[in-house]
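Thanks for coming. Please have the sequence and the model up.

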Amino acid sequence: MKLSFRWYGKEDKVTLENIRQIPGMCSIVTAVYDVPSGEVWSKESIAELKRQIETAGLRFEVVESIPVHEDIKLGKASRDGFIENYCENIRRAAEAGVKCICYNFMPVFDWTRTETAHVLPDGSTTLAYYQEQVEAVDPMQSEGDLTLPGWDASYSREELKQVVAEYQAMTEEKLWENLEYFLKRIIPVAKKCNVNMAIHEDDPCWSIFGLPRIITNEENLDRFLKIVDETNNGITLCTGSLGCSGHNDVAKMAAKYAAMGRIHFVHMRNVAVLENGFEERAHLSSCGTLDMYAIMKALYDNGFDGYIRPDHGRMIWGETGRPGYGLYDRALGAAYLNGLWEAIEKQ
Ligand code: DNO
């Protein structure tokens with residue numbers, strides 16, 4: 001495994017120097033964040049990221065994410081231009097040495113939680129999703145204060161209403177068609193540039209606010225991988241996104257897709273699955289529902305050699321910052337993943 005860590009660029013309170021001191025660290029995971037979805041990233045911005053990262057003694061091999069413009073997901077006539085821009089971003093990232101690009105195909109809303117600072121019994125705070133709170137929210141109606149952490153803050157309320165409305169008539173099958181159209185155009189480019197594309201599962205892995213979501217379970221991942229049956233068309237195995245539904249056997253999926261050589265990136269995080277949703281927990285298996293050892297072992301036994309990063313951490317030791325993306329708990333997660341891997345390797 002190649003240990004990696006997400007960094008949000010110069011504005012991130014967590015510095016590259018902090019990240020470099022985590023044992024075993026190999027690559028930074030980042031993106032050009034100041035360009036709207038659908039546009040081409042300037043070569044200068046990419047080169048500057050690479051320079052900063054390499055100066056800190058790290059590598060820049062993973063991009064998370066190049067966002068997919070809504071017109072592509074909606075299958076609008078304007079999609080071809082956005083797809084061409086997407087391909088150009090793949091080429092530019094590859095030129096800078098990037099090997100893996102994470103993205104998702106969730107309509108409008110990226111990862112969704114209802115609380116960003118839920119207090120756990122030990123006093124740490126975490127991200128949580130409670131179904132009754134989701135049901136109490138109507139993104140089309142609520143005013144002002146409704147911004148959840150994964151959402152694209154660049155939408156105004158009116159724009160959000162409009163784009164959600166455009167999805168009202170969309171079925172899952174139509175979304176599959178639009179995904180197919182996109183993949184058939186980007187994967188040949190990725191292949192030529194020697195970059196692995198790694199789709200991220202929908203988080204949570206079920207429909208929210210009536211919008212279709214399709215990258216949600218084993219059956220659908222099988223279908224996804226067959227659309228373009230090439231190594232470059234792979235996945236980000238996100239244990240928390242899949243594992244928040246009791247229906248997904250994450251260790252089984254890790255084994256299966258690693259054996260196929262189709263997992264290029266792993267997000268490792270533990271969740272406690274509850275009757276009415278889930279809470280993110282510390283990485284340690286006994287802190288949540290997932291068997292982190294079994295997942296790591298499944299990856300190891302099936303020859304996984306891609307990138308892996310500790311996913312969301314809790315806020316501990318008084319740290320404040322971007323929910324899920326503080327330093328301390330993610331660093332504890334990294335140390336735990338190192339420990340699991342070493343033990344499995346030496347067994
Ligand atoms: C949340 C992340 C996601 C992920 C995107 C990939 O913390 O895992 O926002 O980056 O879904 O496109």
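I start with a hairpin: E10 and E11 form one, with 2 residues between them. The names follow DSSP runs, numbered from the N terminus, where a helix is H or I with at least four residues and a strand is E with at least two.

A word on sources. This is a predicted model, in which local features need pLDDT of at least 70 and side-chain atom pairs count only at pLDDT 80 or more, while totals for chains, interfaces and linings use all residues. Residues are numbered from 1 along each chain as its sequence is written, and side-chain values use heavy atoms, with hydrogens and water left out.

E10 pairs with E11 (residues 277-281) in the antiparallel sense over 5 bridges; two strands pair if DSSP finds at least two bridges between them. Leu274 has Gly277 in E11 as its bridge partner.

Which sheet do these strands belong to? An open sheet of 4 strands, in the order E5-E6-E11-E10, with antiparallel pairing. Its edge strands are E5 and E10 (270-274), each of which pairs on one side only. From one strand to the next the twist averages 35°. For angles in general here, axes are lines fitted to C-alpha atoms, for helices over the stretch in contact, and angles run from 0 to 180 degrees between N-to-C directions. At the other end of the order, E5 and E6 (residues 125-130) are joined by 3 bridges in the antiparallel sense, and Val119 stands opposite Thr125 in E6.

Next, the barrel. It is closed by 8 strands in the order E1-E2-E3-E4-E7-E8-E9-E12, and the pairing is parallel. Neighbouring strands of this sheet are turned by 30° against each other on average, with direction ignored. One of the pairings is that of E9 (residues 263-268) with E12 (residues 307-310), parallel and made by 4 bridges. There, Phe265 has Tyr307 in E12 as its bridge partner.

H7 (residues 172-193) lies across E4 (100-103), E7 (196-200) and E8 (233-238), and runs at about 150° to E7. H10 lies across E8 and E9, at about 160° to E9. Contact in this talk means heavy atoms within 4.5 Å.

Now helix against helix. Two packed helices are described by the angle between their axes and the distance between the axes.

The axes of H8 (residues 218-227) and H10 (residues 250-259) come within 11 Å and cross at roughly 15°. That makes H8 roughly parallel to H10; the cut-offs are under 35 degrees for roughly parallel, over 145 for roughly antiparallel, 65 to 115 for roughly perpendicular, and oblique for the rest. Glu218, Leu221, Asp222 and Leu225 in H8 meet Lys252, Met253, Lys256 and Tyr257 in H10. By class, this contact of H8 with H10 has 4 nonpolar, no polar and 4 charged residues. Nonpolar covers Ala, Val, Leu, Ile, Met, Phe, Trp, Tyr, Cys and Pro, charged covers Asp, Glu, Lys and Arg, and polar covers the others, Gly among them.

The other pair is H11 (residues 292-301) and H12 (residues 328-346), whose axes come within 10 Å and cross at roughly 55°. H11 and H12 are therefore oblique to each other. In H11, Met292, Tyr293, Met296, Lys297, Leu299 and Tyr300 meet Tyr336, Leu337, Leu340, Trp341, Ile344 and Glu345 in H12. The residues of the contact between H11 and H12 divide into 10 nonpolar, no polar and 2 charged.

On aromatics, the structure holds 12 aromatic pairs. Rings of Phe, Tyr and Trp (its six-membered ring) pair if their centres lie within 6.5 Å; planes under 30 degrees apart are stacked, over 60 edge-to-face, and the rest tilted. Trp111 and Tyr325 form an edge-to-face pair, 6.5 Å centre to centre with 85° between the planes. Trp111 is in the loop between E4 and E5 (115-119) and Tyr325 in the loop between E12 and H12, so the pair ties together parts that are 214 residues apart in sequence.

Last, the backbone. Most residues other than glycine have a negative phi, and most peptide bonds are trans. A cis peptide bond joins Glu64 and Ser65, with omega about -5°; Ser65 is in the loop between E3 (59-64) and H3 (70-74). Another cis bond joins Asp203 and Pro204, with omega about 0°, and Pro204 is in the loop between E7 and H8. Asn194, not a glycine, has a positive phi of about 65°, and is found in the loop between H7 and E7.
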